[in-house]
Amino acid sequence: MALTRKLLAVAALGAALGGCDASSQSGDREGSVQAGSAAASQPDTAAASDLSPARWPAGELDKFLDMEDVAFPGNPEARGYGGAISGSFHPLAQRAGLEALKQGGSSVDAAMTAAMAQVTLGGGAVVSFFGIMSMVHYDAASGQISHLDAGWNTIAGEDDPMSIPGEIGGYGDALYGTGEPSGRTALVGGFMRGVEAASQRFGKLPFEVLLEPSIYLAEQGIPFGKQLNGYLEPRKNDLARLPASKAVFSRPDGEWLQPGDTLRQPALAKTLRAIQAGGVDYMYTGPWAQKAVAAVQADGGKFTLEDLANYEVIWGDPVSTDYRGYTVYGNGLPAYGGVNMLEALNLGEAAGILELGHWSENPESFRRVSELLNAGNIPFIRAFAPQLLTEQYPEFDFSPQARLSQEHADKLWAQIAAGNGLSQWADGGTKHSDTVVAIDRWGNMTAVTHSINCVVWGKTGIIVDGVSIGDPAVSQKAIIAKAGPGNRLPGAIEIGLAFKDDEPVLAFASMSMGLHLETFQSLTNVLGFGMTPKQALDAPSILSPQIESISDMSSLSQTVRVMEGEFSEELMEATGLPYKWMQPADRRYSQGLWVGITRDPETGELNAASHYYTNGQALALE
């Protein structure tokens with residue numbers, strides 16, 4: 001219908017937005033790394049901590065460096081009792097986080113250490129020390145569940161965001177941006193404010209210790225492999241316009257780095273050492289802030305020192321819903337990702353997915369999952385064209401609070417089942433992000449997703465003292481306009497925790513294209529069908545759909561995408577939906593990335609897994 005096409009077009013505007021006192025029975029037992037390395041003693045005091053890879057067991061650093069450039073090293077599940085960690089990319093970063101757990105650190109210490117190492121290992125291309133972060137954390141000592149929002153702040157002086165230069169397309173060269181580079185595409189990122197705040201509230205190790213792996217890797221260097229080169233090749237012209245940016249990825253003679261070279265980041269190391277010595281104020285009120293403002297303003301940006309100095313993280317309560325005997329907690333407001341995630345679980349109940357059976361075996365289950373996940377577009381429609389939502393559902397309350405109830409999901413599913421559903425854009429914009437989940441020996445749980453929200457460094461290519469700025473505003477103009485100047489930008493990240501009988505049993509995080517679909521399917525697999533995290537990740541998945549046309553509003557249509565060999569042709573034909581087979585090489589560009597760790601409340605056993613189609617790894621202490 002014409003209205004549905006309007007909703008589809010509106011949703012397309014938002015597609016680029018996205019990326020305790022139950023202690024283990026193992027007590028304080030010393031741990032060895034399962035799926036990682038040999039045993040290492042855990043010191044009794046934070047003063048003894050030294051997370052530098054230079055202090056790791058012989059061969060450990062080389063082992064994980066070698067894994068960095070392997071696209072699909074496999075995803076063996078990791079089991080243990082003394083702590084566990086998992087992430088989407090950079091196995092060496094997960095190993096750095098595991099070292100924090102070994103040396104008496106909390107789950108927050110491990111997650112923050114790993115997240116910073118992910119930035120360093122990626123050269124600031126897809127995540128950044130000036131990016132964003134969302135965290136959901138369970139504190140075992142107090143029983144408190146907290147949400148930390150370190151998302152983007154809009155620029156106070158930006159009064160016409162719809163005129164911000166540049167666009168991002170879904171495919172090919174357009175994916176890397178069109179138009180002239182502009183400093184107006186910068187926003188204020190809270191990643192390092194978030195790292196520091198999380199460490200101060202829930203860390204056991206000193207904050208400065210958490211930076212040691214990143215400093216070591218920046219100073220000593222990492223192999224410049226094919227993955228880093230793949231980031232660099234399409235962005236060379238943009239990085240080359242600024243000498244400081246080009247220098248990061250150049251040899252001493254000024255030529256670009258080539259595979260086989262070593263990437264050293266001395267400017268980044270110097271910045272991190274300054275933060276180590278004086279705290280994160282160095283970036284928000286100190287010398288780095290002054291240089292960042294000058295660089296952005298030189299490109300026409302409206303960024304000021306006041307924008308940086310005024311940045312604060314938001315501590316709040318997570319959102320929650322009950323599902324099949326579990327209470328599932330997600331990242332809270334002003335972000336909308338947690339609401340999307342929990343509403344989808346409730347819609348799954350209304351649609352009877354578990355009663356029908358798994359979508360890889362039942363065509364009606366497949367069809368209903370494909371349809372119910374379209375509700376994830378509601379925040380975009382409310383932001384860009386709320387009148388269209390009102391026209392289609394005149395008696396519905398689509399406030400975030402209302403969307404969390406099972407009653408709302410039952411009513412909405414009745415409309416969808418009757419043919420009055422929401423169409424979904426294929427989510428073609430790349431969401432560059434990374435994830436970390438960690439559980440420590442005390443039962444603390446931490447789930448984190450962080451992002452730069454732009455495509456490899458952004459078209460501006462601004463790098464200040466080793467820290468990438470990015471151009472996240474270019475794909476979020478309408479959301480920025482609705483948020484207003486100098487305010488927090490709501491985000492699509494979906495992370496959280498699950499409890500059963502008041503005991504924490506799962507920590508999870510997701511990212512990338514199709515994150516909403518993958519989060520729903522993985523949670524339903526684990527909490528509904530009783531799978532382990534690895535089984536959930538290995539199960540067949542419905543991928544993000546494809547839009548067949550965006551030039552003619554009268555012919556907009558979407559096609560379901562699945563991996564060839566994961567679903568039978570008979571099942572796909574029986575769904576009655578148009579579908580397309582995808583090949584393994586295309587999976588990364590159509591499937592979300594979800595990682596999870598479960599904890600058995602009776603035995604304290606941890607079971608961690610990462611997906612097998614990136615190089616992320618799960619590691620655990622026995």
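**View 1. Helix α3 passes helix α4 in a right-handed crossing.** Right-handed here says that the near helix is turned clockwise from the far one by less than a right angle. This is a predicted model, in which local features need pLDDT of at least 70 and side-chain atom pairs count only at pLDDT 80 or more, while totals for chains, interfaces and linings use all residues. Residues are numbered from 1 along each chain as its sequence is written, and side-chain values use heavy atoms, with hydrogens and water left out. α3 (residues 91–102) packs on α4 at about 155°, with the axes 7 Å apart; the pair is therefore roughly antiparallel (over 145 degrees). Axes are lines fitted to C-alpha atoms over the stretch in contact, and angles run from 0 to 180 degrees between N-to-C directions. Among the residues that meet are Ala96, Gly97 and Ala100 in α3 and Ala110, Thr113 and Ala117 in α4 (heavy atoms within 4.5 Å).

**View 2. Helix α4 (residues 107–121) also packs with helix α7 (residues 212–220).** Here the angle is about 15° and the axes lie 8 Å apart, so α4 and α7 are roughly parallel (under 35 degrees). On the α4 side you will find Thr113, Met116, Ala117, Thr120 and Leu121, which meet Pro213, Ser214, Leu217 and Ala218 in α7.

**View 3. Met112, Phe130 and Met192 touch the most other members of the largest nonpolar core, which has 88 residues.** Such a core joins buried Ala, Val, Leu, Ile, Met, Phe, Trp, Tyr and Cys residues through side-chain atoms within 4.5 Å, buried being under 20% relative accessible area with a 1.4 Å probe, protein chains only. Helix α4 gives this core its largest share, ten residues.

Conventions: Helix = DSSP H or I, 4+ residues; strand = E, 2+ residues; numbered from the N terminus. Parallel < 35°, antiparallel > 145°, perpendicular 65-115°, else oblique. Buried < 20%, exposed > 50% of the residue type's maximum accessible area, 1.4 Å probe, protein only.
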